[in-house]
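Here is a short tour to read alongside the sequence and the 3D view. Take a moment to look around before we start.

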Amino acid sequence: HIHTNGSTATAYPGEDAANGVVKLYGLSATPVEDVGVVHWRWTGSDRGYSTHDRTRIFDSTCSGPLSSSTDAGEPRYNVKNGQTICVEFTYENNGSTRQQIVEVGFYLSDNDAITILDTRLGGVTLLDLRRDNVWTRKDVITLPNNLVVGNKFHVGAIVDENNKIAEVAESNNATYLGIKVIE
């Protein structure tokens with residue numbers, strides 16, 4: 001798997017490979033923890049090697065994707081000031097232990113490197129993030145009403161935003177979706 005946040009692309013095993021290693025060799029005697037969030041969703045139908053596509057931004061009812069265009073090869077969704085939107089991200093547990101409470105923060109950034117220094121738009125608590133169970137979900141957030149029309153931003157998610165889980169890798173804890181303010 002390739003994880004992207006900002007200009008950094010990081011290769012990591014991902015949930016499928018991590019689960020395969022556990023099935024072949026068993027769990028490590030010393031627990032290894034790693035949770036992640038990605039802007040990809042599974043779209044395959046055969047439960048074998050799967051097909052993926054980008055996660056999306058929907059209207060406030062989470063029913064229809066917003067209109068978008070392509071910017072530097074990536075989708076950028078058209079939004080309005082103060083609009084309530086529904087963001088879709090995929091969460092995974094690549095570690096040894098079931099994580100029963102995992103905090104996720106949603107952020108607005110003027111660049112694609114999502115950090116806790118960006119503007120926090122809200123958050124959710126994931127309950128029961130298990131190994132071998134990738135979870136794509138939609139969450140509703142509201143954008144600020146003072147964004148400059150025509151400007152481009154990124155809405156991002158940070159999983160384990162308060163670093164409560166001692167992880168072997170933190171580089172897969174944040175990702176983004178592009179937006180453009182149209183009115």
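Which residues of the largest nonpolar core touch the most other members? In this predicted model, they are Ile 85, Tyr 91, Phe 106, Leu 143 and Ile 179, out of 29 residues in that core.

A second, separate core has five residues, among them Tyr 107, Ile 114, Ile 158 and Tyr 176.

Leaving aside neighbours within four places in sequence, Ile 179 is in contact with residues including Ile 57, Tyr 77, Leu 108, Leu 143 and Phe 153.

Now to the sheet. Six strands form an open, mixed sheet, in the order β7-β8-β14-β13-β10-β11. Strands β7 (68-71) and β11 (119-129) each have a single partner strand, so one side of each is left without a neighbour in the sheet. On average, neighbouring strands are turned by 30° against each other, direction ignored. Strand β10 (residues 99-109) runs antiparallel to β11, and nine bridges join the two. Gly 105 stands opposite Gly 123 in β11.

Finally, the structure holds one disulfide. It joins Cys 62 to Cys 86, with 2.1 Å from S to S, and the link is right-handed, with 100° about the S-S bond. Cys 62 lies in the loop between β6 (57-58) and β7 and Cys 86 in strand β9, so the pair ties together parts that are 24 residues apart in sequence. Cys 86 counts as buried, at 0% relative accessibility.

Definitions and conventions: Residues numbered from 1 in each chain as written. Predicted model: local features only at pLDDT ≥ 70, side-chain atom pairs only at ≥ 80, totals over all residues. Heavy atoms only, no water. Pairing = 2+ DSSP bridges. Helix = DSSP H or I, 4+ residues; strand = E, 2+ residues; numbered from the N terminus. Axes fitted to C-alpha atoms, helices over the stretch in contact; angles between N-to-C directions. Core = buried A, V, L, I, M, F, W, Y, C linked by side-chain atoms within 4.5 Å. Buried < 20%, exposed > 50% of the residue type's maximum accessible area, 1.4 Å probe, protein only. Contact = heavy atoms within 4.5 Å. Disulfide = S-S within 2.5 Å.
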